Amino acid sequence: MACARCPYTQSYTLLWEHRGTQAVLLRCCAGPELQVRDGHTVVVSEIYTTVTDVQRRAEQLRLDRLAHVCDTTNHDEPRS
């Protein structure tokens, strides 16, 4: 797993995983990077100044994803 700027980056931490999507913290030369991957495809790649900022953003994305899943589930249920 590498960032686009330094292909030799090997240091990463899995922050969360949900239904085949992963949020990963990469430590690269440009600073801590958040990557969200859907399978082998990088769908989000963001550089931050601190690891804490990456963790906050990853948590925000996780909660947004879970809210979207709940909304989709609720729309499928018959209304009474």
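Guide: Here we go through the elements, the salt bridges and the exposure of the residues.

Guide: This is a predicted model, in which local features need pLDDT of at least 70 and side-chain atom pairs count only at pLDDT 80 or more, while totals for chains, interfaces and linings use all residues. Residues are numbered from 1 along each chain as its sequence is written, and side-chain values use heavy atoms, with hydrogens and water left out.

Visitor: How many helices and strands does the chain have?

Guide: There are 1 helix and 4 strands, and from the N terminus on they run β-β-β-β-α. Helices (H or I, at least four residues) and strands (E, at least two) are DSSP runs, numbered from the N terminus.

Visitor: Why is the contact between Glu46 and Arg57 called a salt bridge?

Guide: A salt bridge needs a side-chain nitrogen of Lys or Arg within 4 Å of a carboxyl oxygen of Asp or Glu. The side chains of Glu46 and Arg57 meet at 3.1 Å, N to O, so the pair qualifies.

Visitor: How many salt bridges does a search of the whole structure find?

Guide: The search finds 3. Arg56 and Asp53 form one of them, at 3.6 Å, N to O, and Glu59 and Arg62 form another, at 2.6 Å, N to O.

Visitor: What separates Arg56 and Asp53 along helix α1?

Guide: They are 3 residues apart in helix α1, so about one helical turn lies between them. Glu59 and Arg62 also lie in helix α1, 3 residues apart, about one turn of the helix.

Visitor: What makes Arg56 count as exposed or buried?

Guide: Buried means under 20% relative accessible area, exposed over 50%, and partly exposed in between (1.4 Å probe, protein chains only). Arg56 has 56% relative accessibility, so Arg56 counts as exposed.

Visitor: And how do you know which label Asp53 gets?

Guide: Asp53 has 25% relative accessibility, so the label is partly exposed. Arg57 is partly exposed with 23%, as are Glu59 with 33% and Arg62 with 27%.

Visitor: What share of the chain is buried?

Guide: Buried residues make up 29% of the 80 residues.

Visitor: What does the accessible surface of the chain come to?

Guide: The total is about 5,500 Å², of which 51% belongs to carbon and sulfur atoms. Such areas come from the Shrake-Rupley method with a 1.4 Å probe; for residues, only the protein chains shown count as cover.
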